[in-house]
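Let's walk through a model of two protein chains together. Take a moment to look at the sequence and the structure, and then read on.

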Amino acid sequence: MIDDHEDLRQWRLPRGRHGLPRELVERSQRERLMAAVVKVTVRKGYESTTVGDILGDAGVGRESFYELFDDKLACVVAAHKLLLDDLEQQVRAAYIGDGPWPERARKGLEATLEWFAADPEAARFLLVETSTVGPTFRSIFKSEYARFTSMLDEGFDDSTPGPELTEATSLGVGALLARIYEEILLNRVAELPRLLPDLTYGFLVPFVGEVAAREQQRIAAATS
Amino acid sequence: MQKLRSSERSGTVLRPTLPPDVAGRTQRQRIIDAIIESCAVKTYAATTITDIVSRARISRTTFYKHFDDKRSCFDAALDHCLSELQEIAGASHDASDAPADAARKAATAVLETLAARPGLAQLLTGDAIALQPKVIERYRRATVPALEALWRSGGKRPQAHTDPRLAFGQAQVLILNQIAIGKVDRLPDLRGEIVYLTVSPYGGHEEALKQARIARETQAGGAVKR
């Protein structure tokens, strides 16, 4: 199966002559390179990572690399986008739909924490390593942030209380980002799901107030 | 003949001769201001020593008299910014203010400073974190205990409603986004949210909302809008 959201780490082609169509080979190379750039930058840091390091890890030739990407940065940006697409898809599935908004919000939070916990390397790449790439980081950050605030907005319905704070949506996304970032730095990403109850409260309270936020916090504590 | 640098020229009314230690400090300060400005324009990663020395109008030799390299210059700039903000936050309120009022005033003062000096905001939320993610820990050591102290009564630690460390991270994300979308001059638009985040950990949701309202109605400089 090949779609935009397949697992980057498991896609490998057999070596040597395999008779596979060129398009498939390129696709595999592209994804191996993106998986490699995640792994290598997390290990060595963006600055000291070379294209050679990425090639070595991916088992792809230099010429193929430059057919697919302009440079190291382009490869980082592509990997970043692919991972975020996958995260967005997961969160969407949990959050957008029917049911009372606070409950869907809690489920969206749960899906987010689980996604990050499942792959600490990707988590560090997305939130920590990408911030070191220089000027491009500002535009990456801007678009990723807008992506999640607008998804949050999209999921609002008539049951969503109009929060008094105009930037409540940003507060929510900020709460999530800040918490995950912190756990990455402390090397505790795998334990993120344990934080769901407190995060649920902190996320919801600006929107729904004390009582309703505590209720979702209790549900989160009881189900996790 | 060697050309004299500005700080070495003989004094005039406008440019009095400074004792060497003062001139030295001024140069150092100019270098620090220069790296902050350059990072704001092109980020730390793209800033070169040449950028710094030309902005500061000093020679490379002078630069290296004060700093070993770009990184040590940046670290000095960071220390400088942090202590300046701490001072501003501390001076914004006094002992007669209730904890939540004091927190609101401190948050508003810091936000206004960042809006007036975008380079500083960019350095603290962008480059500093990219260079050493753990710098956030330093920010927190500078802010969280001060916040806690406002609510401390009779030596007893206040009970937290939400994690103050997390609130701090949220504030930082909001400010970073404001910078990323190119609206750093509109940072004061966020004062309701930032005050909410500052007050809510120890003051709770309701008190934080109340303070956010006051902050929104208060114009820069502290006058309440009529």
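## Confidence, domains and contacts

Residues 1-11 of chain B keep a pLDDT under 50, and the model gives them 12 contacts beyond four places in sequence. Here pLDDT is the predictor's confidence in each residue, from 0 to 100, and two residues are in contact if their C-beta atoms, placed from the backbone, lie within 7 Å. Residues 222-226 of chain B also have a pLDDT below 50, with four contacts in the model beyond near neighbours in sequence. Where pLDDT is low, the predicted coordinates should not be read in detail. For chain B the average pLDDT is 83, and 85% of the residues score at least 70. The model scores are ipTM 0.71 and pTM 0.76.

This is a predicted model, in which local features need pLDDT of at least 70 and side-chain atom pairs count only at pLDDT 80 or more, while totals for chains, interfaces and linings use all residues. Residues are numbered from 1 along each chain as its sequence is written, and chains are lettered from A and ligands numbered from 1 in the order in which they are written.

Where do chains A and B meet? Chain B gives 29 residues to the contact, and chain A gives 28 residues. On the side of chain B that touches chain A, the elements that give two or more residues are helix 1 (20-46), helix 6 (118-131), helix 8 (164-180) and helix 9 (191-217) of chain B. Helices are DSSP runs (H or I, at least four residues), numbered from the N terminus. Helix 8 of chain B brings the largest share, 10 residues.

Chain B is also divided into domain 1 (18-67) and domain 2 (78-217), with bounds from an automatic or database domain assignment. Their C-alpha centres lie 28 Å apart. Seven residues of domain 1 of chain B and 10 residues of domain 2 of chain B take part in the contact.

The table sorts two contact sides by class: Ala, Val, Leu, Ile, Met, Phe, Trp, Tyr, Cys and Pro count as nonpolar, Asp, Glu, Lys and Arg as charged, and the others, Gly among them, as polar.

| Domain 1 of chain B, touching domain 2 of chain B | five residues | one residue | one residue |

Finally, visit Lys44(A), found in helix 1 (residues 22-44) of chain A. Lys44(A) touches Thr49(A) and Asp53(A), leaving aside residues up to four places away in sequence.
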